[in-house]
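Trainee: I am new to this structure. Can we go through it piece by piece?

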Amino acid sequence: MSLGDKLRQRRQEMGLTRPQLAAKICVTPSAIANYENGISTPKPDILISLINVLEVDANYIYSDYLGTNRISKIYDQALSAEEIDTIKKYRALSEEGKRLVRLIVNEEYTRTIARSRLTLPCYLPGVRKLHTGFLMQENLGSVRIMRKDLPVGADFCFQIQVDQYLPVFRKFDILALQRRQAGHNEMGLFCLNGIYYLRTLFQERGECRLRALNVIDEDILVTETDEFRCIGTVLGQVNGILEPS
């Protein structure tokens, strides 16, 4: 039985859907589908999370699948002599001994992951307006992100919920933003006369315009009489898990 088959079988035994399992290990449902269908292989930290969440023995996952050569090919590194020795000793333990080892490993891994993850508030678009404008939902969501994947200076997130930003962003992409004024040619989240826009700020020769991220919508001219402010500057797209309020 392949790794993907084992993951699918155990997930179904626990009564978990792909989105539910994905939320528990901080990946997307499509990533779970790719693992189960053999399209991609989980990275070592994700594989450990799967073992913990699915409450299986490591042997269940690794048997008939990962030899030393296979590990080296997939993860670009082989097992060290210490790791090989540890695995051999683990396999020689009684079931009670293995249970105690897993208990200790799981607790330490949980502490490590907790320190490596951050939760940021996430703005969500509401009612749509003309020219890719929108109102903001009253309640904020939150996004769980691996600390290593978060751009420096990020203060909050914004999730795109329409396909009107192609080809720059796609529906359900999550963006990290910093609470500062966007500069010339920087993307930002702006509020113009009570309507919100995700656009690029263009400032030249005393003019201020908001340029669309698609090729359909025209620029929006910002005048001195407009109520205009920048909510935040886009730092980049992030891989996070949205948790609605």
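Trainee: Which loop holds Asn 214?

Mentor: This is a predicted model, where local features need pLDDT of at least 70, side-chain atom pairs count only at pLDDT 80 or more, and totals for chains, interfaces and linings use all residues. Residues are numbered from 1 along each chain as its sequence is written, and side-chain values use heavy atoms, with hydrogens and water left out. Helices (H or I, at least four residues) and strands (E, at least two) are DSSP runs, numbered from the N terminus. Asn 214 sits in the loop between strand S9 (207-211) and strand S10 (220-222).

Trainee: Is Asn 214 buried or exposed?

Mentor: Buried means under 20% relative accessible area, exposed over 50%, and partly exposed in between, with a 1.4 Å probe and protein chains only. Asn 214 has 13% relative accessibility, so it counts as buried.

Trainee: Which backbone oxygen does the side chain of Asn 214 reach?

Mentor: A polar contact is a pair of N or O atoms within 3.5 Å; within protein, one must be able to donate a hydrogen and the other to accept it, and residues adjacent in sequence count only if both atoms are side-chain atoms. The side chain of Asn 214 also reaches the backbone nitrogen of Ile 216 at 3.0 Å. The backbone nitrogen of Asp 217 lies 2.9 Å from a polar atom of that side chain. The backbone oxygen reached, at 2.6 Å, is that of Gln 164.

Trainee: How far apart are the C-alpha atoms of Asn 214 and Gln 164?

Mentor: Contact means heavy atoms within 4.5 Å. Not counting residues up to four places away in sequence, Asn 214 touches Thr 132, Gln 164 and Leu 166. Asn 214 and Gln 164 are 50 residues apart along the chain, and their C-alpha atoms are separated by 6.8 Å.

Trainee: Which peptide bond is cis, with omega near 5 degrees?

Mentor: Look at the loop between strand S5 (156-159) and strand S6 (174-178), the place of Pro 167. Phe 172 is in the loop between S5 and S6 too, with phi near 80 degrees, a positive value in a residue other than glycine. The cis bond runs from Leu 166 to Pro 167.

Trainee: At what angle do helix H2 (residues 18-25) and helix H4 (residues 44-53) pack?

Mentor: Axes are lines fitted to C-alpha atoms, for helices over the stretch in contact, and angles run from 0 to 180 degrees between N-to-C directions. Leu 21, Lys 24 and Ile 25 in H2 meet Ile 46, Ser 49, Leu 50 and Val 53 in H4. The axes are 10 Å apart, and the angle is about 115 degrees.

Trainee: Is Glu 55 buried or exposed?

Mentor: Glu 55 is in the loop between H4 and helix H5 (58-62). Its phi is near 55 degrees, a positive value in a residue other than glycine. At 59% relative accessibility, Glu 55 counts as exposed.

Trainee: How far apart are the end C-alpha atoms of helix H7 (residues 81-92)?

Mentor: H7 is hardly covered, with one buried residue among its twelve. The expected span of a helix is 1.5 Å times one less than its number of residues. For H7 that span should be 16 Å, which agrees with its end C-alpha separation of 17 Å.
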